Amino acid sequence: MRVRASLQLTDFMETTQQFRTHLNHLGYSQNMIQQLPYHLSDFLDFTAKRVQNIASQDIKNYHKHLQERPNKIKAGGLSESYINHHIYSLKLFFAWQEEKGIITQNPISCLSFKSPVSKPRKILTKADVLTLYQSSETLKQKALLSIFYGCGLRRSEGEQLDLKDVHFRSGILYVRKGKNSKRRAVPMSQRVADDLKNYVYNERFTSENTTALITNKKGTRMRGESFAKDLKELLELTKINKEITLHCLRHSIATHLLESGLSVEYVRDFLGHKHLESTQIYTRISTAQLCNLKTI
């Protein structure tokens, strides 16, 4: 029995590692590459079955287990969003296994789970955005606003930006690794281009082999936690009494673009919500339209 258990554990570890490699090839963020295989490992440990023998009922049992499992960090159970993240991991995994021919029937394809209730999105007013820009004390703070508000990038997208991705002459910023490995081109207003250019030429720290657009004082790539910290420090310089996150800036530009008359289709392209082919980077929002916006 011990030999069998040991072999099974080795098999689970190899499967998890292969899934991690698969996610990396798809272009998922490092955060997702760490979390999703961890969730898969938890599931495999729970079922104690080989992938080929897993049935829909096993996934139902696991979902029930997650709903009843206590939270190890704080009082209460697991949040709906955390449970949903586990299920998302399994959807990706079994779709991949079916694609590889490891399984002939996807055990999760016939199941549906209640989606977590989303919290109301916090939106800044245009006056709030103007206050943030006016309160900025460093070129990096302005660059941060330009990336997450002016270009509407996600946190992971801003973190992965390289200097080569910003084309000042054409006024285009390229997102090479968007959500689900999708790429897109984002038009920059003159204000955004100027703020990024000023940062790059006057305040950006560099070190050997640094390719990142935004760097820390060591000249290495800034991480999401540091972006969030910088935004919090900027917020403290204002009288804005709101909890503002990087994603809040993204939600805000989307709302302001729609309010300014752009169609939903254009805004979706701008934010990268459409399923764009990886070989076709395009945008249907003109730089002129963005420049005419009275948002900042």
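Cys 248 is buried, at a relative accessible area of 4%. Buried here means under 20% relative accessible area, exposed over 50%, and partly exposed in between, with a 1.4 Å probe and protein chains only. Cys 151 is likewise buried, at 0% relative accessibility. The disulfide count is zero, a disulfide being a pair of cysteine sulfur atoms within 2.5 Å.

The model is predicted: local features need pLDDT of at least 70, side-chain atom pairs count only at pLDDT 80 or more, and totals for chains, interfaces and linings use all residues. Residues are numbered from 1 along each chain as its sequence is written, and side-chain values use heavy atoms, leaving out hydrogens and water.

The chain holds 12 helices and three strands. These are DSSP runs numbered from the N terminus (helices H or I, at least four residues; strands E, at least two). Of its 296 residues, 43% count as buried. The accessible surface of the chain is about 17100 Å², and carbon and sulfur atoms account for 49% of it. Areas follow the Shrake-Rupley method with a 1.4 Å probe; for residues, only the protein chains shown count as cover. Contacts are defined by heavy atoms within 4.5 Å. Among contacts between residues at least 6 apart in sequence, 60% join residues at least 24 apart.

The three strands form an open antiparallel sheet in the order β1-β2-β3. Its edges are β1 (166-167) and β3 (184-187), each pairing on one side only. Pairing requires at least two DSSP bridges between strands. β1 and β2 (residues 172-175) are joined by two bridges. His 167 has Ile 172 of β2 as its bridge partner.

The largest nonpolar core has 42 residues, and Leu 173 and Leu 249 have the most contacts inside it. Each of α5, α6, β2, α8 (190-202), α9 (224-236), α10 (246-259) and α11 (264-271) supplies at least two residues of this core. A second, separate core of 25 residues includes Leu 36, Leu 78, Ile 103 and Ile 108. Such a core is a set of buried Ala, Val, Leu, Ile, Met, Phe, Trp, Tyr and Cys residues joined through side-chain atoms within 4.5 Å. Beyond four places in sequence, the contacts of Leu 249 include Leu 132, Leu 145, Phe 148 and Leu 231.

Ser 136 lies in the loop between α5 (126-135) and α6 (139-150). Ser 136 counts as buried because its relative accessibility is 11%. Its side chain reaches the backbone oxygen of Leu 132 at 2.9 Å. Not counting residues up to four places away in sequence, Ser 136 touches Gln 141, Lys 142, Leu 145 and Leu 234.

Terms used. A polar contact is a pair of N or O atoms within 3.5 Å; within protein, one must be able to donate a hydrogen and the other to accept it, and residues adjacent in sequence count only if both atoms are side-chain atoms.
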